[in-house]
Amino acid sequence: MKYKFFGLPMHYGADSIGLNFGIDELKKELKKKNHDIIEKIDVVNAEEDFDEKYIKYINSITANCISLAKKVNEAVVNNYIPVSIGGDHSISMGSISGVAKEMDIGVIWVDAHGDMNTHETTVTGNIHGMPLAALQGYGHEKLVNIFYKGPKIKTQNVVIFGARNFDYREKLFIEQLGVKVFYHKDILNNGFTRELEKAVNYLTSKINKIHLSFDLDVINPDLLPGVSNPVEDGITLEQADYIFDFFIKSNLLSSVDIVEYNPAFDKNHVTRDFTVRLIEKFM
Ligand SMILES: [Mn+2]
């Protein structure tokens, strides 16, 4: 198999309990089908300075992202495509850093949110709203310098896909930097496959390897409720399937994240079962 699967059940970035049980739930289901394929990384706690309330659990998040980055990096060096499963979206600072040390990559950030806040713009202080900024070199220096010093990806090689909820100051920052955004409303107006094709062409005109960072909250929460920060509307389950099928067939993938599965908010295990289905696509 050319893929390696890592599970980091970290909830510090969302400050939402439930996320920390996600990997065990997925492993249990996969095991029933004799697919015991996820290597679980134990979450560690670091001492925190709680005076820094606009950047909650930064030391723990940094430590856990470094653990994931090391695993992912080793997988890439051994010619595997790493699939990192969360946990909250802050784990992408680990996974992408682990890949970016070895090669230039583009990133398609499939998400209801922008995740482009910094400690200076954040409303909640939750770091899962900051990884895409930190990976481009913006925000708290501890996040920017995870695994190795400095930015991991170039703004020109980033697209946000499916977004429908930016914070006010976050949106200004995204526009100021010129990050390419394919909004959910563009998908509704122009068609899903056409917008996805435009997003992929935007990246492949500059770069030949793409990291797919997939936040389950891009999907309509009426269809997939088990996420920490649901936003009304969103893509369908079939469209999510299409994204994975497209990239798996494409030869473009450097690496993948699947994040924000939260069993505490799930209904009848639909989110668990769908996430298992996404993982099984790689087998
Ligand atoms: Mn996200």
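Over which ring does the charged end of Lys-4 sit? The close-ups below come from a predicted model, and the opening view gives the answer.

**View A. Lys-4 meets the ring of Tyr-80.** Here the charged end of Lys-4 sits over the ring of Tyr-80, 4.0 Å from the ring centre.

**View B. Ile-243 in the largest nonpolar core.** This core has 45 residues, and those touching the most other members are Ile-108, Phe-161, Leu-212, Phe-214 and Ile-243. Zoom in on Ile-243 and, leaving out residues up to four places away in sequence, you'll find it touching Val-110, Phe-161, Phe-192, Leu-196, Leu-212, Phe-214 and Ile-235. Another core, of 41 residues, lies apart from this one; Leu-8, Ile-61, Ile-105 and Phe-166 are among its members. As a bit of background, nonpolar side chains tend to be buried together in soluble globular proteins.

**View C. Phe-161 and Phe-192, an edge-to-face pair.** Searching the whole structure turns up 12 aromatic pairs. In this one, the ring centres of Phe-161 and Phe-192 are 6.1 Å apart and the planes meet at 75 degrees, so the pair counts as edge-to-face, for which the angle must be over 60. Phe-161 belongs to strand S5 (residues 158–163) and Phe-192 to helix H8 (residues 192–204), so the pair links distant parts of the chain, 31 residues apart. Both Phe-161 and Phe-192 are buried.

**View D. Phe-214 and Phe-244 bring a strand and a helix together.** This aromatic pair is also edge-to-face, with 4.9 Å from centre to centre and 70 degrees between the planes. Phe-214 comes from strand S7 (residues 210–215) and Phe-244 from helix H9 (residues 237–250), so the pair ties together parts that lie 30 residues apart in sequence. Phe-214 and Phe-244 are both buried.

**View E. Thr-121, a buried loop residue.** Look for Thr-121 in the loop between strand S4 (106–110) and helix H4 (131–135). Its relative accessibility is 14%, and buried means under 20%, so Thr-121 counts as buried. What does its side chain reach at 3.0 Å? That's the backbone nitrogen of Thr-118. The side chains of Thr-121 and Asn-117 are also joined, by a polar contact of 2.6 Å.

Key
Residues are numbered from 1 along each chain as its sequence is written. This is a predicted model: local features need pLDDT of at least 70, side-chain atom pairs count only at pLDDT 80 or more; totals for chains, interfaces and linings use all residues. Side-chain values use heavy atoms; hydrogens and water are left out. Helices (H or I, at least four residues) and strands (E, at least two) are DSSP runs, numbered from the N terminus. Buried means under 20% relative accessible area, exposed over 50%, partly exposed in between (1.4 Å probe, protein chains only). A polar contact is a pair of N or O atoms within 3.5 Å; within protein, one must be able to donate a hydrogen and the other to accept it, and residues adjacent in sequence count only if both atoms are side-chain atoms. A nonpolar core is a set of buried Ala, Val, Leu, Ile, Met, Phe, Trp, Tyr and Cys residues joined through side-chain atoms within 4.5 Å. Contact means heavy atoms within 4.5 Å. Rings of Phe, Tyr and Trp (its six-membered ring) pair if their centres lie within 6.5 Å; planes under 30 degrees apart count as stacked, over 60 as edge-to-face and the rest as tilted. A charge sits over a ring if NZ of Lys or CZ of Arg is within 6 Å of the ring centre and within 35 degrees of the ring normal.
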